[in-house]
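Subject: Structure for you to look at

Hello,

Here is the structure I said I would pass on. Please open it beside this message, and then read the notes below.

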Amino acid sequence: MADLHVTLPSGTELALSNAGTPFAKHLVILCNPREVAGLVDPDPAVTARHPVHLLVADPVVQDGEVAVAPREHAAAIAEYVRQARQTGARTGAEDFRRIGIVGWGSGALLAATLMVEHADLFLRVALVAPDLGEEATHDEPLPDVGAGPSTGTLEDRLARGLETPEDTAELTSDDADSIADRWASIARDESVVLVVDPERLLADSGTTKLEWATDALAGSWDRVLTFVQRTGEDDDEEEERA
């Protein structure tokens with residue numbers, strides 16, 4: 001169960017949990033898939049080694065169904081972050097600057113939407129074993145791209161993922177195309193987007209999508225945290241050391 005429930009002026013209720021280092025310089029938002037609620041720290045020992053405050057965002061679920069569309073949910077999280085920044089400015093707390101995002105499983109759709117819709121707040125995004133909607137219409141799987149972005153069918157999946165039943169009243173196909181185009185322009189920059197999409201072993205037919213995504217998240221957590229925390233200043237320091 002989430003340890004913090006916040007009702008925003010917009011009326012959206014966010015379920016959030018905290019892990020990692022309080023008052024750390026870096027903030028990372030972890031977007032849970034629709035099947036998961038409450039605190040998920042993929043590897044507490046790894047998280048403890050990183051100077052990061054981890055904020056876990058649950059899907060907004062009512063009666064077993066996701067009740068808030070990805071764009072509305074992303075807007076609520078952005079509203080929460082902006083309010084926290086304003087409070088921090090008044091109290092003299094250090095600004096988080098731009099924030100890292102991680103989405104795993106079906107939570108990747110929210111993470112990608114945050115990056116597209118609110119790029120002024122967020123620096124980098126990692127999608128781990130992403131499930132962005134119906135895959136049966138796609139002939140080409142996402143490649144395992146290592147340290148770089150995945151292009152190919154990812155932007156198409158993002159568009160299709162936003163055309164879920166809860167979105168149909170808000171989105172036209174033109175809107176979805178626009179989202180896909182904007183995502184494609186972001187994903188071309190390997191310093192902004194990391195996609196970890198390991199091959200799922202077909203022989204292990206008893207493994208569910210969620211179990212597979214959980215293993216992928218835990219197995220790549222150190223790499224993912226390192227990626228989403230890096231800033232331009234970090235890159236400059238690495239070049240000086242080289």
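**Notes on the structure**

At 32% relative accessibility, Arg82 counts as partly exposed; buried means under 20% relative accessible area, exposed over 50%, and partly exposed in between, with a 1.4 Å probe and protein chains only. Before going on with Arg82, some background. The model is predicted, so local features need pLDDT of at least 70 and side-chain atom pairs count only at pLDDT 80 or more, while totals for chains, interfaces and linings use all residues. Residues are numbered from 1 along each chain as its sequence is written, and side-chain values use heavy atoms, with hydrogens and water left out.

**The chain as a whole**

The secondary structure comes to seven helices and nine strands. Helices (H or I, at least four residues) and strands (E, at least two) are DSSP runs, numbered from the N terminus. Of the 242 residues of the chain, 48% count as buried. Of the contacts with a separation of 6 or more, 73% are between residues 24 or more positions apart; contact means heavy atoms within 4.5 Å.

**Salt bridges**

Side chains of opposite charge can pair when their charged atoms come close. A salt bridge is a side-chain nitrogen of Lys or Arg within 4 Å of a carboxyl oxygen of Asp or Glu. By this rule the structure has three salt bridges.

Back to Arg82: its side chain meets that of Asp120 in a salt bridge, 3.0 Å from N to O. The pair links distant parts of the chain, with Arg82 in helix H2 and Asp120 in the loop between H3 and strand E8 (122-128), 38 residues apart. Asp120 is partly exposed, at 48% relative accessibility.

Arg71 forms a salt bridge with Glu117, and the closest N and O atoms are 3.6 Å apart. Arg71 lies in helix H2 (residues 70-91) and Glu117 in helix H3, so this pair ties together parts that are 46 residues apart in sequence. Arg71 counts as partly exposed at 23% relative accessibility, and Glu117 counts as partly exposed at 26%.

Asp222 and Arg49 also meet in a salt bridge through their side chains (3.7 Å, N to O). Here the distant parts are helix H6, which holds Asp222, and helix H1, which holds Arg49, 173 residues apart. Asp222 is partly exposed at 36% relative accessibility, whereas Arg49 is exposed, with a relative accessible area of 58%.

Where does helix H6 bend? Helix H6 (residues 209-229) bends by about 65 degrees at Trp221. The bend at a residue is the angle between axes fitted to the seven residues ending there and the seven starting there. The buried residues in H6 include Trp212, Leu217, Trp221, Leu225 and Phe227.

The side chains of Thr47 and Trp221 make a polar contact at 2.8 Å. A polar contact is a pair of N or O atoms within 3.5 Å; within protein, one must be able to donate a hydrogen and the other to accept it, and residues adjacent in sequence count only if both atoms are side-chain atoms. Thr47 counts as buried, at 1% relative accessibility. Leaving aside neighbours within four places in sequence, Thr47 is in contact with Gly20, Asp41, Val52, Trp221 and Leu225.

The charged end of Arg124 sits over the ring of Phe227, 5.2 Å from its centre. This label requires NZ of Lys or CZ of Arg within 6 Å of the ring centre and within 35 degrees of the ring normal.

**Buried parts elsewhere**

Is helix H3 (residues 107-117) mostly buried or exposed? In H3, 10 of the 11 residues are buried, so the helix is largely enclosed by the rest of the structure. Ala112 is among them. Trp183 and Ala112 are 71 residues apart in sequence, yet 7.7 Å apart in space, C-alpha to C-alpha. Trp183 is found in helix H5 (residues 173-187) and counts as buried at 1% relative accessibility.

Leu30 is in strand E3 (residues 26-31) and is buried, with a relative accessible area of 0%. Beyond its neighbours within four places in sequence, the residues in contact with Leu30 include Val40, Leu54, Val102, Trp104 and Trp221.

Regards
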